Protein chains: 6
Amino acid sequence: MVLFNPDSTGPLRYVHNFNKSIAGAESNVAIALARLGHEVGWFSKLGDDEFGRYIKAVIRGEGVDVSRASIDSERSTGLLFKERFAHVNPNVYYYRKNSAASNITTEDLDLDYIRSAKILHVTGITLALSHTARETVYKAIEVAKSNNVLISFDPNIRLKLWNIEEAKSIIMDIIKMTDIAFPGKEEGKLLLGTDEPKEIGRFFLNMGCKIVATKLGKEGCYIASRENEELVAGYIVEKPEDTVGAGDGFAAGFLSGILRNLNLRECGQLANAVGAMATLVRGDMEGFPTLQQVKKYMGIETHIDR
Amino acid sequence: MVLFNPDSTGPLRYVHNFNKSIAGAESNVAIALARLGHEVGWFSKLGDDEFGRYIKAVIRGEGVDVSRASIDSERSTGLLFKERFAHVNPNVYYYRKNSAASNITTEDLDLDYIRSAKILHVTGITLALSHTARETVYKAIEVAKSNNVLISFDPNIRLKLWNIEEAKSIIMDIIKMTDIAFPGKEEGKLLLGTDEPKEIGRFFLNMGCKIVATKLGKEGCYIASRENEELVAGYIVEKPEDTVGAGDGFAAGFLSGILRNLNLRECGQLANAVGAMATLVRGDMEGFPTLQQVKKYMGIETHIDR
Amino acid sequence: MVLFNPDSTGPLRYVHNFNKSIAGAESNVAIALARLGHEVGWFSKLGDDEFGRYIKAVIRGEGVDVSRASIDSERSTGLLFKERFAHVNPNVYYYRKNSAASNITTEDLDLDYIRSAKILHVTGITLALSHTARETVYKAIEVAKSNNVLISFDPNIRLKLWNIEEAKSIIMDIIKMTDIAFPGKEEGKLLLGTDEPKEIGRFFLNMGCKIVATKLGKEGCYIASRENEELVAGYIVEKPEDTVGAGDGFAAGFLSGILRNLNLRECGQLANAVGAMATLVRGDMEGFPTLQQVKKYMGIETHIDR
Amino acid sequence: MVLFNPDSTGPLRYVHNFNKSIAGAESNVAIALARLGHEVGWFSKLGDDEFGRYIKAVIRGEGVDVSRASIDSERSTGLLFKERFAHVNPNVYYYRKNSAASNITTEDLDLDYIRSAKILHVTGITLALSHTARETVYKAIEVAKSNNVLISFDPNIRLKLWNIEEAKSIIMDIIKMTDIAFPGKEEGKLLLGTDEPKEIGRFFLNMGCKIVATKLGKEGCYIASRENEELVAGYIVEKPEDTVGAGDGFAAGFLSGILRNLNLRECGQLANAVGAMATLVRGDMEGFPTLQQVKKYMGIETHIDR
Amino acid sequence: MVLFNPDSTGPLRYVHNFNKSIAGAESNVAIALARLGHEVGWFSKLGDDEFGRYIKAVIRGEGVDVSRASIDSERSTGLLFKERFAHVNPNVYYYRKNSAASNITTEDLDLDYIRSAKILHVTGITLALSHTARETVYKAIEVAKSNNVLISFDPNIRLKLWNIEEAKSIIMDIIKMTDIAFPGKEEGKLLLGTDEPKEIGRFFLNMGCKIVATKLGKEGCYIASRENEELVAGYIVEKPEDTVGAGDGFAAGFLSGILRNLNLRECGQLANAVGAMATLVRGDMEGFPTLQQVKKYMGIETHIDR
Amino acid sequence: MVLFNPDSTGPLRYVHNFNKSIAGAESNVAIALARLGHEVGWFSKLGDDEFGRYIKAVIRGEGVDVSRASIDSERSTGLLFKERFAHVNPNVYYYRKNSAASNITTEDLDLDYIRSAKILHVTGITLALSHTARETVYKAIEVAKSNNVLISFDPNIRLKLWNIEEAKSIIMDIIKMTDIAFPGKEEGKLLLGTDEPKEIGRFFLNMGCKIVATKLGKEGCYIASRENEELVAGYIVEKPEDTVGAGDGFAAGFLSGILRNLNLRECGQLANAVGAMATLVRGDMEGFPTLQQVKKYMGIETHIDR
Ligand SMILES: Nc1ncnc2c1ncn2[C@@H]1O[C@H](COP(=O)(O)OP(=O)(O)O)[C@@H](O)[C@H]1O
Ligand SMILES: Nc1ncnc2c1ncn2[C@@H]1O[C@H](COP(=O)(O)OP(=O)(O)O)[C@@H](O)[C@H]1O
Ligand SMILES: Nc1ncnc2c1ncn2[C@@H]1O[C@H](COP(=O)(O)OP(=O)(O)O)[C@@H](O)[C@H]1O
Ligand SMILES: Nc1ncnc2c1ncn2[C@@H]1O[C@H](COP(=O)(O)OP(=O)(O)O)[C@@H](O)[C@H]1O
Ligand SMILES: Nc1ncnc2c1ncn2[C@@H]1O[C@H](COP(=O)(O)OP(=O)(O)O)[C@@H](O)[C@H]1O
Ligand SMILES: Nc1ncnc2c1ncn2[C@@H]1O[C@H](COP(=O)(O)OP(=O)(O)O)[C@@H](O)[C@H]1O
């Protein structure tokens with residue numbers, strides 16, 4: 001989606017200027033992974049309009065393969081407006097009903113492309129967009145699973161897109177097929193009635209996940225697998241500038257660790273560091289680090305800044 | 001609609017900042033009439049969101065009665081993005097499918113309010129938005145006509161909203177019920193196959209119109225009634241800043257003349273002046289004058305500017 | 001007044017850009033009340049210039065009846081520049097000597113309009129502007145009182161507009177005629193030599209007030225009447241964005257409670273909530289809530305923000 | 001004065017942002033002369049406020065001696081707002097009644113400073129500001145004349161500051177004491193009833209002027225002295241960006257020629273070139289050239305621009 | 001290079017804000033070709049800094065293969081500031097001495113990559129940057145020529161980078177190895193002493209070029225080959241917004257024609273159209289069209305713009 | 001140098017707009033001293049370009065004598081880009097290699113000017129710029145010392161400009177000639193291996209300094225002389241906006257105290273106050289106070305701010 005950011009706080013009716021950028025949980029994860037040095041491809045559907053061309057150019061510019069993003073000649077690219085208040089989470093206004101992305105279908109999938117991947121990352125947002133989008137996610141997971149591609153899943157519940165009952169039933173169904181799950185505490189509450197990381201981990205492991213990395217905001221994360229489970233403390237950010245995108249950075253950091261064969265504790269640390277760095281910068285994806293930068297941040301190298 | 005204006009020329013994907021303002025043929029006419037000193041009411045349907053509240057505040061701020069604008073609790077307020085090029089007409093991108101305005105229904109009409117009016121002004125845009133919107137226009141015209149309220153109509157053909165066949169059939173149907181029509185030359189071409197003002201006038205008069213004021217851009221207008229017809233020369237604008245809104249200002253100027261009992265030639269002159277003044281300012285409605293200002297512009301008073 | 005806000009902190013000589021908005025204690029209270037659902041009218045005098053037309057359009061847009069704001073054909077609309085520093089109160093520079101507003105006279109009052117109101121709200125600022133302005137306030141109060149219209153008064157002492165001796169003598173005189181007073185702690189100090197809410201309350205009650213709602217910043221307020229007195233704790237705002245306008249929102253919230261026949265404690269809570277919400281947004285009046293929004297804020301409803 | 005420039009065309013009530021810069025006929029001439037390499041001092045009176053400090057810093061930064069600008073501890077620095085329309089002269093709104101500058105008195109003059117100058121340049125604007133300002137101009141002229149300092153005068157009639165009768169009587173009185181006069185065609189019309197350069201020249205020569213350089217916009221100027229008179233053709237500016245300040249640049253160019261002992265034709269050419277260059281840039285004084293730049297512009301040197 | 005564009009006209013010392021974008025004759029041609037649907041790779045050397053990463057992301061985002069752009073860990077990415085005046089060509093200020101790009105060496109070339117190309121496009125700018133850069137161009141041409149890759153060359157003389165003698169000797173040397181040359185009229189003057197397109201064409205053909213496409217600004221171009229020569233009239237642009245980049249668009253359009261096997265006349269028309277469209281938009285490369293857009297512009301399709 | 005400030009946080013490649021201002025440790029100290037009421041001259045070398053003219057105009061505008069700043073006709077004025085992150089020190093990117101300033105030589109010194117001064121203030125930055133710059137500093141110190149001009153020195157170590165070994169050897173050499181030294185704690189660590197103010201003070205006193213004022217950030221400073229030493233507590237700044245420039249303000253405050261014959265404790269207090277005020281405003285030098293303002297800040301006078 002194209003994201004319009006107000007240049008001042010307060011109700012949107014008083015805002016005169018908006019800055020354009022891009023938003024999207026999947027594209028965030030893809031960009032963060034590319035920046036960490038991995039080869040990433042991104043599936044989506046864009047309108048045949050300037051906003052679609054913009055999204056494609058930005059994501060391609062970040063080094064993500066966008067050759068599998070298809071174009072919808074009839075529908076428009078989805079939009080998103082943020083409304084910011086001092087120290088309160090932003091409101092968002094979606095213009096994505098009937099957008100190109102919501103019209104993605106199984107025909108937009110390049111199945112061989114999926115088969116040749118190591119990890120398939122999906123989120124609850126696409127599941128909520130439309131029936132064809134949901135079907136597409138199911139199809140992609142099916143193909144991936146039968147080719148031993150790992151399934152990574154971030155529930156990313158957005159109650160502006162679907163109601164909790166529907167969300168719950170579909171998400172729990174997807175969890176069953178998930179290898180690596182990235183729930184947050186609040187999502188634990190919504191889905192399982194508990195925000196205890198321990199319980200969230202066990203529940204999802206029991207449903208079939210191999211790894212559950214529960215995001216705990218500034219506390220860090222709680223990593224659970226069948227072999228082991230532990231709290232991995234987060235990095236201290238004195239005054240976060242913008243926490244949106246932290247969860248996506250976290251997922252990318254974790255998957256990067258998996259791809260580099262780090263152990264789970266190290267995966268959690270890398271994830272925490274990428275998540276924390278995402279909060280230092282206004283914008284969803286501007287703060288994602290390169291491998292070199294995240295290493296510096298984790299304290300492995302020093303840095304002359306002036 | 002809320003209008004987002006790029007702060008630079010060129011394809012939108014390269015534009016970083018957008019300014020918010022409002023757009024809409026009917027609200028333009030309403031505002032222009034209010035500024036000329038008339039009592040005006042405005043019917044529409046807005047989303048229960050910040051953009052809807054913004055539109056309402058702006059139009060109310062201009063002195064138009066917005067008490068009959070209803071609120072749709074489910075649909076969003078429509079949006080419009082402009083894309084500007086040096087000396088080429090701007091492109092527009094609509095986000096108004098399924099907008100609150102397109103969901104207006106006959107139930108949103110206050111029939112007594114219409115009955116008590118002197119003129120009902122409608123445009124082809126509302127006719128194109130949706131079936132319920134079209135039905136609502138028909139209903140409003142029906143009630144107005146049976147109470148001797150004058151019907152004023154601007155075809156305002158937008159081929160991004162409907163195709164020419166559908167547009168033609170509906171617009172020609174509305175023309176039959178119209179008292180005062182404001183076609184442009186290009187619309188003559190699309191509807192009648194001619195852009196000859198004389199012919200456009202006669203054709204519409206024959207269909208039942210009482211007055212046909214054909215807009216001729218910088219040339220001015222051609223006014224035809226059953227009694228008389230003549231070209232009324234336009235005002236000279238050395239370098240127009242933005243011609244969008246000129247047609248709406250023209251209609252408002254003409255209707256103001258009618259309400260003031262001016263003769264048709266004078267109505268045409270007032271219309272030309274308001275239309276010309278609209279072109280002096282970037283923005284659809286910012287350039288509409290007060291009665292005093294338009295008189296100055298028409299040369300009746302002088303003005304100390306520094 | 002028209003308010004020019006610097007787009008950066010620091011001494012104004014280094015500021016390149018200024019944003020235009022409106023300011024004014026009385027218009028703030030009027031707008032806040034309108035937003036809370038009440039019918040409000042606003043008296044003032046504006047220049048016959050673009051800045052005057054701007055103020056009128058904004059306030060009318062917010063749903064306040066501006067039909068009683070008169071126009072001064074000779075004097076200009078007053079201006080105000082703010083100068084902001086990190087975590088220090090802003091400086092203000094007035095350009096309002098001899099402004100249209102300072103030239104308001106008793107002839108600008110529509111006495112019947114006042115007679116038909118429930119509450120007349122006045123502030124110390126108008127008293128300080130000029131002799132005719134002061135006379136006008138006295139006249140309005142006189143007419144209101146003899147028609148059982150409640151007098152509401154916010155001292156709003158501005159030592160840039162008058163010196164403390166003059167301010168004190170006039171304000172104490174007005175207090176005698178006041179039904180509902182909204183002093184702040186600092187004003188208690190300036191007027192009575194004490195910033196003890198209890199003492200401020202008693203002193204003003206003794207002078208004839210029926211209700212004294214002393215504003216205590218983030219602490220909330222202290223409400224005193226002849227029957228009862230109590231501290232009503234404020235809402236917690238982690239990091240206020242801009243506290244200007246909080247006092248006006250507070251007054252509006254309180255008066256709204258009175259008009260809704262809430263008890264004094266509830267009036268204080270509503271006032272605190274509106275005051276607190278005003279601090280969440282940059283700008284004097286942009287943060288004032290609708291009734292629905294303030295109820296959400298007070299914890300009565302939940303809200304899906306994405 | 002501090003000048004606030006709207007960042008968009010149209011009525012000021014629709015303008016959101018204003019840029020700050022400085023304005024003033026005398027300071028323009030002083031800056032232009034400094035840039036051309038002369039030693040210049042500037043008399044004025046500024047408020048003891050940020051706007052006053054800003055003006056002083058800018059003019060000093062340009063190399064003008066501001067040590068004789070005095071400070072008024074009570075009055076504010078004057079302001080000026082511009083309102084721009086496409087290809088129509090801007091409107092201006094003054095906030096300078098009772099400003100520090102209008103309170104300048106003969107006591108603010110350093111008479112020895114004047115005595116040691118070669119030229120004293122005054123304009124009709126200061127004459128219009130207030131009675132003390134006018135008196136101050138008279139005093140300065142008196143002292144200058146009795147020390148053989150040349151008097152240079154630009155009528156600069158502003159009908160927003162005084163009416164034509166008063167303007168005429170004072171200006172004609174000053175003309176009698178003027179050595180070098182810089183009238184425009186329109187001013188000829190207002191003062192003498194003729195815009196014929198020949199006639200303007202003769203009339204003023206007869207009144208006692210030694211040189212009359214009548215400004216003719218893009219046509220250039222008409223230079224008349226007792227010995228000779230001729231039209232000096234202007235430079236061709238394809239599309240001027242902003243003509244405000246051209247007249248001040250012209251005067252500075254002419255006076256620079258006088259100080260360099262050029263002949264009158266050459267003075268006129270230099271004046272035309274500086275005037276033309278001022279029109280190439282938005283802003284009153286930003287376009288004034290150095291001697292080297294104006295020589296390039298006049299075609300004496302070439303220039304590698306990339 | 002990173003290009004900093006002033007947000008207002010006039011001398012840079014008065015400009016407060018600068019917008020960042022990219023510039024570079026070779027990257028412009030690469031982007032324009034990519035947009036027209038061709039596979040393009042780009043050689044350069046960038047600093048290991050944010051500006052280098054920015055350039056890489058933008059060019060990659062446009063669909064150009066940047067995998068052969070190397071990184072200099074010691075030198076900074078070059079910068080360029082523009083200074084704009086109304087209707088005068090902009091001045092440019094370079095900060096590229098010792099930049100990463102000027103440090104490109106033959107080792108930065110992937111010779112196989114060059115061998116597999118159809119066309120190698122080089123410009124006089126790289127020749128002027130440094131000795132190693134020049135050597136690199138020579139090496140690339142040598143490899144290309146011995147593999148039957150066409151050499152395309154735009155002299156792009158920048159006298160701020162080298163003096164005319166040096167420029168002339170090197171450029172004439174390169175011309176001998178060039179297949180397709182894109183001189184401008186002014187360059188004809190500088191190199192050959194004539195701005196007659198006919199003569200420029202013949203001269204270069206005699207030196208060994210196969211095609212000489214001389215750019216004639218709004219007049220279009222003059223195409224000369226051994227078989228034929230003709231003037232191809234340009235497209236009419238009422239008011240060009242920014243002519244920088246037109247020459248690069250022209251070259252790309254022409255090369256696109258060659259790659260599509262169009263005849264020379266058609267190549268010239270496509271080149272003229274791309275060049276003309278580049279002038280419609282502020283910015284060097286923002287105006288380059290897709291194939292579909294340029295076809296519309298050339299009049300083959302119609303377009304519904306609202 | 002000209003400083004380009006990003007208008008948003010985050011990596012520079014995502015920043016669209018930059019604001020221009022000036023930077024430079026020596027010019028900061030000069031401006032701060034001028035604002036405190038002293039006569040100050042400034043030596044430097046600027047490019048013969050718009051950026052050089054800008055720096056000169058700003059510094060002259062602040063009341064500093066710039067008549068001894070020389071112009072380099074070949075080299076450009078140096079640039080500096082900042083990159084800001086939430087609550088992390090900014091990164092800086094220099095474009096000053098080979099800049100005009102780095103080309104300053106002993107010939108650019110006006111030795112009589114130095115001889116007639118009371119204090120010569122130099123910093124480690126100039127020492128790091130180039131060999132000629134270093135030689136120039138040495139020469140200036142030599143001339144000053146032999147005329148009993150006090151030497152004031154701020155090490156200002158920038159490891160982006162030289163490495164620690166070279167920095168250390170030169171700075172320790174300069175310290176021997178220094179009368180008043182302004183090290184920071186971190187510099188103590190780098191130079192002496194200790195950040196203990198007591199030890200830093202003693203070490204430098206032993207090397208020959210008369211006064212060592214070690215800067216301790218918000219803690220204030222530690223003043224050591226041969227007679228006495230003490231901690232002078234800093235002013236409390238709730239939330240500093242920008243700490244860059246604090247050290248320069250500190251030095252200026254201290255030197256102002258010396259020039260006013262204050263005792264060392266009072267010098268430290270004045271220095272702390274100027275340093276603290278510098279942190280209240282974004283920008284290096286915008287926050288420096290006048291004597292009157294710093295007195296207010298130190299609590300000697302009260303201030304009516306609205
Ligand atoms: N304020 C913070 N300080 C440090 N790290 C944070 C902070 N906020 C988020 N993170 C990191 O980012 C991760 C994801 O953030 P979180 O806010 O929990 O996710 P989501 O955005 O999905 O709700 C956290 O697990 C943590 O590692
Ligand atoms: N360039 C112009 N110069 C002068 N008047 C104009 C100009 N453009 C529009 N007008 C006035 O506005 C009226 C409506 O403009 P037009 O462009 O014909 O309408 P529309 O916007 O509906 O196409 C014209 O009839 C004329 O009176
Ligand atoms: N920082 C804050 N946190 C919470 N509530 C606040 C805060 N500041 C103001 N308020 C609310 O607004 C009311 C008025 O604010 P206050 O600053 O006391 O008034 P004034 O602007 O007149 O000085 C307070 O009584 C309180 O209810
Ligand atoms: N459009 C223009 N083209 C060329 N020169 C101009 C132009 N406008 C002004 N000038 C030069 O500036 C001088 C003063 O401009 P003018 O507009 O006549 O003065 P004023 O601003 O006092 O009315 C003219 O005499 C001429 O030399
Ligand atoms: N004003 C214009 N109108 C139409 N086409 C233009 C215009 N300017 C440039 N072009 C097209 O772009 C091509 C290159 O422009 P030109 O200015 O000649 O090149 P350069 O930028 O290399 O000097 C021209 O040959 C022409 O086709
Ligand atoms: N956060 C702060 N609060 C109060 N005073 C400060 C603060 N930061 C700096 N100062 C004042 O400015 C002086 C210089 O600041 P410091 O940061 O130590 O210098 P530098 O910029 O050279 O590192 C300090 O000694 C102190 O007096």
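Guide: The C-alpha centres of domain 1 of chain A and domain 2 of chain A lie 21 Å apart. Domain 1 takes in 1–25 + 42–103, while domain 2 takes in 26–41 + 105–298; such bounds come from an automatic or database domain assignment. Before we go on, note that this is a predicted model: local features need pLDDT of at least 70, side-chain atom pairs count only at pLDDT 80 or more, and totals for chains, interfaces and linings use all residues. Residues are numbered from 1 along each chain as its sequence is written, chains are lettered from A and ligands numbered from 1 in the order in which they are written, and side-chain values use heavy atoms, leaving out hydrogens and water.

Let us start inside chain A. There, 25 residues of domain 1 are in contact (heavy atoms within 4.5 Å) with 32 residues of domain 2. The two domains bury about 2500 Å² between them, with 55% of it on carbon and sulfur atoms; buried area is the accessible area (1.4 Å probe) that two parts lose on being put together, summed over both. On the domain 1 side, A25(A), W42(A) and F43(A) lose the most area to domain 2, together 26% of what that side buries.

Charged side chains meet here as well. Four salt bridges are counted between the two domains, each a side-chain nitrogen of Lys or Arg within 4 Å of a carboxyl oxygen of Asp or Glu. A salt bridge joins the side chains of R68(A) and D110(A), at 2.9 Å from N to O.

Which elements of domain 1 face domain 2? At least two residues of that side come from each of α2, β5 and β6 of chain A, and β6(A) gives the most, with three residues. Helices (H or I, at least four residues) and strands (E, at least two) are DSSP runs, numbered from the N terminus. By class, this side of domain 1 has 13 nonpolar, five polar and seven charged residues; Ala, Val, Leu, Ile, Met, Phe, Trp, Tyr, Cys and Pro count as nonpolar, Asp, Glu, Lys and Arg as charged, and the others, Gly among them, as polar.

Now look across to chain B. The area buried between chain A and chain B is about 2100 Å², with 57% from carbon and sulfur atoms. In chain A, R13(A), E50(A) and Y95(A) lose the most area to chain B, together 33% of what that side buries. E50(A) also meets R13(B) in a salt bridge between their side chains (2.9 Å, N to O). The side of chain A that touches chain B draws at least two residues from each of β2 (17–22), α2 (50–61), β5 (79–85) and β6 (88–95).

Finally, follow β2(A) into its neighbour. Three bridges join β2(A) to β2 (residues 17–22) of chain B, and the strands run antiparallel; two strands pair if DSSP finds at least two bridges between them. N17(A), for one, has N19(B) as its bridge partner in β2(B).
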